[in-house]
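This report concerns a predicted model. The structure is shown first, and the description follows.

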Amino acid sequence: MGYRQKIVLVEPAYLIRAGLRKIISELPGMSVVETFEGNEIRLIDKILSKTPDVVIINPDVFKKNELISFINKLNNENLVLVGLTGRHTSFGCKSHFRYCLDSGESKYDLLEVLKKINRSLQTKNIESENTSLTQREKIILNRVVRGQTTQEIADSLFLSVHTVNTHRKNISNKLGIKTLSGLTVYALMNKIVGMDEVE
Amino acid sequence: MLIQKEMKLADVIHHDHFLIPVINRFGIHLGFGDKTIDELCRENDINTIFFLTILNAYHDHEYFPKKHLQSFPASLLVNYLLKSHQYYLDEKVPEIEKLIVSLPDETDMDNGTLTLLENFFSEYKQELINHIRREEDLVYPYIVEMEKAVSSGVIPDSVFKQMADYSITDYEAEHENVEEKLFDLKNIIIKYLPETKDDRPFFKILKELFALENDLNDHSRIEDLILVPKVEAMERKLKSMKR
Ligand SMILES: [Fe+2]
Ligand SMILES: [Fe+2]
């Protein structure tokens, strides 16, 4: 199975959280990694620490100006923000979101919205669908496990730091290995780096 | 299923055997017949509400015992968590270590690969030990001291100093780091193990890694979902008392 989109859900009512979780569980490409009620301290930090691809949020948990600053902060991150709306949600409020899941919709329509979100993200991650590393990625992995910093790798390969970071992210997504020690074991086992090259 | 005090513990265990290490930590021994949870708690001098909270939190990941949060002292929770630390460090981790160390006798895999796995596991173990030490030396005593301050109304300066130094939210991030390493180890064995004639020893190790991961994740979840909110509530209370 390929990469699963990570969803964080912010909704005070358990019944709605449970219902949405159930629907999302029917889609193989997405999973809810964490739920919040909306009144948590440092909510944004807590959400971002889960590195979600999608954040589904009930806008009613915020006061109006709080909502806008919240949306602005999350929009700076590379993720999709989805509104969990209802009959009482104002149009102005809905307009902040690219996608809305409306609590009055049928199961079919809710699934359609979710599938649309899933598809839009998959094109973003299309490169990481293929799980074998490219030559370039192998070169970068070799340097990463030899202890070079992103900056050093960027300088020596004439790449931008941003590009190196993207490569590193793709490597981790493809392999399903996040930690440096895990990557080192992988690289050694596959002779991408020699035993004598790592300390 | 919501576990309740009128239920027979034997039925509960048949329903979810992952709870066995939990009842063990509470000092309940096997052979408890048809006794209900309530009866067993009274016999063993266990706080029933607390026991139910832990059982339910392990059993159902959506279970968030908000209302019971204040009904038992944090020190009780800390005691329980200490016991599960003991279980990881004195039982589970050495068991897995033994399996890994005996791999050279049981498989035909080259020694280079086996050494890599062994080193990776010992690195993970060290990280787990460091995390647990930090909890036992820093986080837990802070919580116990804070609880004393809340109930007595006397707030030592040390508590305020710690409140400023250490944010409980950082603590959740640390859990993730420890979890990630264990996940990587599993994934390396599942996806990238070099070919071997007999991979049964690796199946055994995987099974143990999954069990450890399962228990540890529940443990961290209790720390994140019960302990942390309790601390946040106490921090708020102490700040308002200071004013
Ligand atoms: Fe712990
Ligand atoms: Fe912990």
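## Conventions

Residues are numbered from 1 along each chain as its sequence is written, while chains are lettered from A and ligands numbered from 1 in the order in which they are written. In this predicted model local features need pLDDT of at least 70, side-chain atom pairs count only at pLDDT 80 or more, and totals for chains, interfaces and linings use all residues; side-chain values use heavy atoms, with hydrogens and water left out.

## The two chains

Chain A contains 10 helices and 5 strands, where helices (H or I, at least four residues) and strands (E, at least two) are DSSP runs numbered from the N terminus. Its C-alpha atoms fill a box of roughly 65 × 35 × 25 Å along the principal axes. Of the 199 residues of chain A, 47% are buried; buried means under 20% relative accessible area, exposed over 50% and partly exposed in between, with a 1.4 Å probe and protein chains only. Among the contacts (heavy atoms within 4.5 Å) of chain A with a separation of 6 or more, 63% involve residues 24 or more positions apart.

Chain B has 10 helices and 0 strands, giving the pattern α-α-α-α-α-α-α-α-α-α along the sequence. The box filled by the C-alpha atoms of chain B is roughly 65 × 50 × 25 Å along the principal axes. Buried residues account for 49% of the 243 residues in chain B. For contacts in chain B between residues at least 6 apart in sequence, 77% join residues at least 24 apart.

## The interface

In the interface, 21 residues of chain A are in contact with 24 residues of chain B. The size of an interface is often given as the accessible area lost when the parts come together. Here the buried area, which is the accessible area (1.4 Å probe) that two parts lose on being put together, summed over both, is about 2000 Å², and carbon and sulfur atoms give 56% of that area. The rule finds 9 residue pairs in polar contact across the interface, both residues being at pLDDT 80 or more. A polar contact is a pair of N or O atoms within 3.5 Å; within protein, one must be able to donate a hydrogen and the other to accept it, and residues adjacent in sequence count only if both atoms are side-chain atoms.

There are also 2 salt bridges across the interface of chain A and chain B, each defined as a side-chain nitrogen of Lys or Arg within 4 Å of a carboxyl oxygen of Asp or Glu. The side chains of A:Lys46 and B:Glu232 form a salt bridge at 3.2 Å, N to O. On the side of chain A that touches chain B, the elements giving two or more residues are helix H1 (14-24), helix H9 (161-175) and helix H10 (180-189) of chain A. H10(A) provides the largest share of that side, 6 residues. Because 9 of its 10 residues are buried, H10(A) is largely enclosed by the rest of the structure. The buried residues of H10(A) include A:Leu183, A:Tyr186 and A:Met189.

## The iron site

The iron ion (ligand 1) is coordinated at 2.1 to 2.2 Å by B:His85 (NE2), B:Glu135 (OE), B:His219 (NE2) and B:Glu223 (OE). Donors are N, O and S atoms within 2.8 Å of the metal (3.2 Å for Na, K and Ca); water is not among the atoms, so sites may look incomplete. The 4 donor atoms subtend angles of 84 to 173 degrees, which makes the arrangement irregular. Four donors count as tetrahedral if all angles lie between 85 and 135 degrees; four count as square planar and six as octahedral if opposite donors are over 155 degrees apart and all others between 65 and 115; anything else is irregular.

B:Glu135 coordinates both the iron ion (ligand 1) and the iron ion (ligand 2), which are 3.1 Å apart. B:His219 and B:Glu223 lie 4 residues apart in helix H10 (residues 200-242) of chain B, about one turn of the helix, and both residues are buried.
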